[in-house]
Amino acid sequence: MSHIGSYEERIKDFSWAIAEKELDYKEGDMINIGWYCSDRICKMGKSSKLALIWEGLMGQERKLTYDDLRKTSNTVGAMLRKLGIKPEDRVCLFMDKIPELYIGLLGVLKIGAIAQPLFSAFGDESLFVRLENAGTSAIITQKKHAPKVRKILDRLPNLKHMIIVDFDPSKELQPGEVAFDLWNTPWVDELEIHPTYAESPSILHYTSGTTGQPKGVKHVHYSLISQYLTTKWVLDVQEDDIYWCTADPGWVTGTSYGIIGAFCMGATQCVMDVGFSAEAWYKFIEKHRITMWYSAPTAIRSLMKAGDEIIKKYDLSCLRHLASVGEPLNSEAVIWSERVFGKPFLDTYWQTETGSIMISNYPGMKIKPGSMGKPFPGITACVLDTKTFLPIEETGKIGLIGFKPGWPSMMRMYWNNEETYKNKFKNGWYLPGDRSSIDNEGYFWFVGRDDDVINTGGHLVSPFEVESALLENEMVAESAVVSKPDDINMEVVKAFVTLKPGFEGNKDTELMIMNFIRKKLSPLAMPQEIEFVPNLPKTRSGKIMRRILKAKEWGEEIGDTSTLEDD
Ligand code: WTA
């Protein structure tokens, strides 16, 4: 049993006030995530403790203490303030997993601005859509990503500043560009923290839906309460842990638990800015004596594929606790990890909108491999009937997951999109858009998404976004984008395309279109296969029926096709 007490003990008489008390936060007080993650830890006497251990692409290493984290984030905050960035202005962080990304997010928050992290592999169109929607004022990036920003600058009148953290001094800056080298700038010891309160906006994360452009999920500083307590109770991060979250802060796991979680606990966090390779990952764990590891099913399946022999080359006895998020964690992966690491990966379920872990396997709780576990203390969850939206009492029956609103890290709004936000609630329940059943012991069993969003390797891709981008290709007449099964990534993007007259659907055309999407959107959104068809299945009113194409890919019954004629 864990030092944090059993699940049953914790859930009894639970209140969010427990976390508030531990953080010394009282209702109405100031609460600033940037301050809590750095200044507060120093105030607790841990200034010289290691906050961040970073390894770069070329084998470079950087180590920062909590005092370094405090001062460097002050320095970013001061730089932005000097540029005229005001509270609640959106500042985009568009960087690989380099220290400036982690520090920068805290710096943005310290001056009360809203941090907008975006995945650095995004192409110019993905970037444009998100910057335009947020009305972003400044972007912090690296020279290698600057060309993508320059390309769309004309169309973004609000974007006044591009801060480049590794600018080459021999080159010339364009108007609006700022060279900011954190490692050769005097660090700011004292920064006036902007007085943010529980409901002050903190982070704006973009997520994909089935229809329409990506939605900006607005979080507030009060989310810290949920992030702190779930890091402590589910991820079981303790003061002396060396923690590694493999997620990129362009996505919510990489901020909630790849920046905020470990830092607000005062633990040591490791970051590796290197792509996936089983060898590199095991070496990283061994070298830094990582004790707590938070990763994702696709990575775990890739490690399984790399085989057990390679594991024997490394001393991984340091690992104490493992957890996973982002997609269904198959029971084989849980059983495998128990065999090779001596510990099972504990599945955790949540999403960008919920801001923190909602359903999970809690340390010490009986694990049922393949189940997501039970709701976190303080979270009321159920499955709802798809028509009446009333909770289903019967065990084992599939319904829509529903959460009772009111936990601290719940999104407060979709940016400029109140209507879509309101549609996420039915009968007083928040619907994350997933289907599940609950067994007789209260364990949740994930079934699938309730929409067409594609979850490829834990990354959500909107078929709408890919279809829209495809239509911008000169050869494409029409397209329909669906998921198709994949051993490692669970699902990948597949596009059905009809071509304009004069173009031929062959291997070259396929590669050209794939590349077009990779550059415009991202490697994740790039179709792994393009099937050229003479026409697409449509309803009488001309709506493309993705459902039919998807069923074929998954070898499923096509089901009711009467709407083929009528919608
Ligand atoms: C899916 C990532 C099965 C789900 C934190 C959810 C999962 C979406 C799990 C959120 C899990 C997340 N088992 N599916 N343990 N965790 N999902 O917003 O469909 O990028 O709604 O947040 O991923 O993805 P998002």
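**Cysteines**

I looked up C382 and found a relative accessibility of 8%, so C382 counts as buried (buried is under 20% relative accessible area, exposed over 50%, partly exposed in between, with a 1.4 Å probe and protein chains only). The model is predicted: local features need pLDDT of at least 70, side-chain atom pairs count only at pLDDT 80 or more, and totals for chains, interfaces and linings use all residues. Residues are numbered from 1 along each chain as its sequence is written, and side-chain values use heavy atoms, with hydrogens and water left out.

I then searched for disulfides, taken as pairs of cysteine sulfur atoms within 2.5 Å. The count by this rule is 0. C318 is in no disulfide, and its nearest cysteine sulfur, that of C270, lies 9.9 Å away. C318 counts as buried because its relative accessibility is 12%.

**Strand β6**

I checked the pairing of β6, where a pair needs at least two DSSP bridges between the strands. Strand β5 (residues 138-141) runs parallel to β6 and is joined to it by 4 bridges. T141 has I164 in β6 as its bridge partner. From β5 the chain passes through helix α8 (residues 146-152) to β6, a right-handed β-α-β crossover (with the strands pointing away from the viewer, the path from the first strand over the helix to the second runs clockwise).

I also noted that β6 pairs with strand β7 (residues 177-179) in the parallel sense over 3 bridges. Here I163 stands opposite V178 of β7.
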